[in-house]
Amino acid sequence: MPNTFVQSTDDVVKFLKDQHNLIKDLFEEVFSASTTEAREKAFIDLRQLLAVHETAEEMVVHPRVRREVNDGDEIVDARLHEEHAAKEQLSKLESMDFDSDAFITELTKFQQAVIDHAEHEEHEEFNKLHRKLDKQDLERMAKAVQAAESIAPTRPHPGVESAGMNFAVGPFASMLDRARDLIGAALR
């Protein structure tokens, strides 16, 4: 699994923005891979980071935005809709031939959707939270996001976008995903 931890761990907004940058870098690794095996490894790293990152946002950030930000429900509902679509796209990409032109075409579309989603989060959620919360809240949220990521599923699970569903289904899905990841790595 890629290193999901970034330099700034005392501010949830900085932490998540840094992860957005890491996600962009991982897309570039997938595109620039010189072999099918390297592309598959880079894609798996990307998939795992996206899965744990989105789960943590769904469990920690979105509920706080609903409570703290004006029009928070509408903002979060729009992000959850994007996250559901992204999980479906990511599941589709997982089943494709990593060496095919179709994979690159779909990955290019997915990359743009992920970048657009990250920009929406940063402008509509993160920046507003940063203005609303004090330093201690931002630090506590960063720790909560890291904790959520440490137990999050490593694969996309469309339909599991709410905090409640992540708490109910997440631990079981995480256990299965991590077992699949270990077995898959052993077979490569």
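The structure is a predicted model. The protein has six helices and zero strands, so its pattern along the sequence, by the DSSP definition of these elements, reads α-α-α-α-α-α. Of its 188 residues, 48% count as buried.

**Helix α5**

- Helix α5 covers residues 135–151, which makes 17 residues.
- At 1.5 Å a residue, helix α5 should span 24 Å, and its end C-alpha atoms are 25 Å apart, which agrees.
- At the start of α5, the backbone nitrogen of Q136 has a side-chain oxygen of D134 within 3.2 Å.
- Several residues of α5 are buried, among them the nonpolar residues L138, M141, A142, V145 and A148.
- The buried residues of α5 also include D137, Q146 and E149.

**Salt bridges**

- Side chains of opposite charge can pair when their charged atoms come close.
- The count for this protein comes to 14 salt bridges.

- An α-helix has 3.6 residues a turn, so residues three or four places apart point the same way.
- D45 pairs with K41 in a salt bridge whose closest N and O atoms are 2.9 Å apart.
- Because D45 and K41 are four residues apart in helix α2, about one helical turn separates them.
- D45 has 12% relative accessibility, so this residue counts as buried.
- K41 counts as exposed because its relative accessibility is 52%, and the cut-off for exposed is over 50%.
- R64 forms a salt bridge with E68, and here the closest N and O atoms are 3.2 Å apart.
- R64 and E68 are also four residues apart in helix α2, so they too are separated by about one helical turn.
- R64 counts as buried because its relative accessibility is 14%, which is under the 20% cut-off.
- E68 has a relative accessible area of 25%, so E68 is partly exposed.
- R64 and E68 belong to one network with D137 and R140, joined by salt bridges that share partners.

- R47 forms a salt bridge with E94, with the closest N and O atoms 3.1 Å apart.
- This pair links distant parts of the chain, since R47 lies in helix α2 and E94 in helix α3, 47 residues apart.
- R47 is buried because its relative accessible area is 3%.
- E94 counts as partly exposed, because its relative accessibility is 25%.

**Cavities**

- The model has two cavities of 30 Å³ or more.
- The largest cavity holds about 160 Å³ of space.
- The largest cavity is lined by 15 residues, and those closest to its centre are L50, E54, A86, K87 and F110.
- Four helices each supply at least two residues of this lining: α1 (12–32), α2 (36–68), α3 (72–94) and α4 (101–132).
- By class, nine residues of the lining are nonpolar, three are polar and three are charged.

How values were computed
Residues numbered from 1 in each chain as written. Predicted model: local features only at pLDDT ≥ 70, side-chain atom pairs only at ≥ 80, totals over all residues. Heavy atoms only, no water. 1 Å grid on protein atoms, 1.4 Å probe; cavity = no way out; pocket = protein on both sides within 12 Å on 5 of 7 lines; lining within 4 Å. Points joined across faces, edges and corners; volume = space filled by probe spheres on them. Expected span 1.5 Å × (residues − 1). Buried < 20%, exposed > 50% of the residue type's maximum accessible area, 1.4 Å probe, protein only. Polar contact = N/O pair within 3.5 Å; in protein donor to acceptor, adjacent residues only side chain to side chain. Salt bridge = Lys/Arg side-chain N within 4 Å of Asp/Glu carboxyl O.
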